[in-house]
Each structure stands twice: as structure tokens, then as C-alpha cells.
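Good morning, and thank you for joining.

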Amino acid sequence: MTVVQTVLVFVGIPAGIIALLFLAVYGRSLVGQPNRYRPGRPWTFAPSWYVPHPEAVVRPGGGAGSTTAVGGASGEW
């Protein structure tokens, strides 16, 4: 084997494997904008609210007796 072939086998192949792993891990974030919020950056995403039981939400002007939430330690809200 020549010196060039030896270098390709012992340096080129591991470097290629490391490059493939790097692209597999970081490739998506290198191509486009990450789709998550990072502290300190402005909020540019559409607002979304999570309400597990929307029927239990008291709406403004709905009156005092319009709620079905009972609360308590049992978790039956």
C-alpha cells in the first residue's frame, strides 16, 4: 500500500463517518431556522393556547353560574 492509500484508509474513512454523523445531528438546524423559541429572541410564532377542558372555561360575561369546574384535590376539574 502506498502512503496515500494508508492515509485515506486510516484518516479519510473515519473523517467521512464523523462528517456523516455531524450532518445527521446538526444538518437540519444548519439548513433552516429552528422551529422553537430561544430565550432572548423575539416571539415570531402564531399564538397558541392549551386548554385541556375547554367546556370548563368561564367566558367573560357568561355569568357566575356558567362554569362546570368543581376543583378539589381529586383532580376532577
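How many helices and how many strands does the secondary structure of the chain come to? The answer is 1 helix and 0 strands, where helices (H or I, at least four residues) and strands (E, at least two) are DSSP runs numbered from the N terminus. This is a predicted model, in which local features need pLDDT of at least 70 and side-chain atom pairs count only at pLDDT 80 or more, while totals for chains, interfaces and linings use all residues. Residues are numbered from 1 along each chain as its sequence is written, and side-chain values use heavy atoms, with hydrogens and water left out.

Let us consider the helix. H1 covers residues 3–31 and spans only 37 Å between its end C-alpha atoms, whereas a straight helix of 29 residues would span 42 Å; the expected span is 1.5 Å times one less than the number of residues. At Val 25, H1 bends by about 55°, the angle between axes fitted to the seven residues ending there and the seven starting there.

Next, the aromatic rings. Rings of Phe, Tyr and Trp (its six-membered ring) pair if their centres lie within 6.5 Å; planes under 30 degrees apart count as stacked, over 60 as edge-to-face and the rest as tilted. By this rule there is 1 aromatic pair. The ring centres of Phe 22 and Tyr 26 are 5.2 Å apart and their planes stand at 45°, so the pair is tilted. Both residues lie in helix H1, 4 residues apart, about one turn of the helix.

Finally, accessibility. Buried means under 20% relative accessible area, exposed over 50%, and partly exposed in between (1.4 Å probe, protein chains only). Phe 22 is partly exposed at 41%, and Tyr 26 is partly exposed at 45%. Buried residues make up 4% of the 77 residues in the chain.
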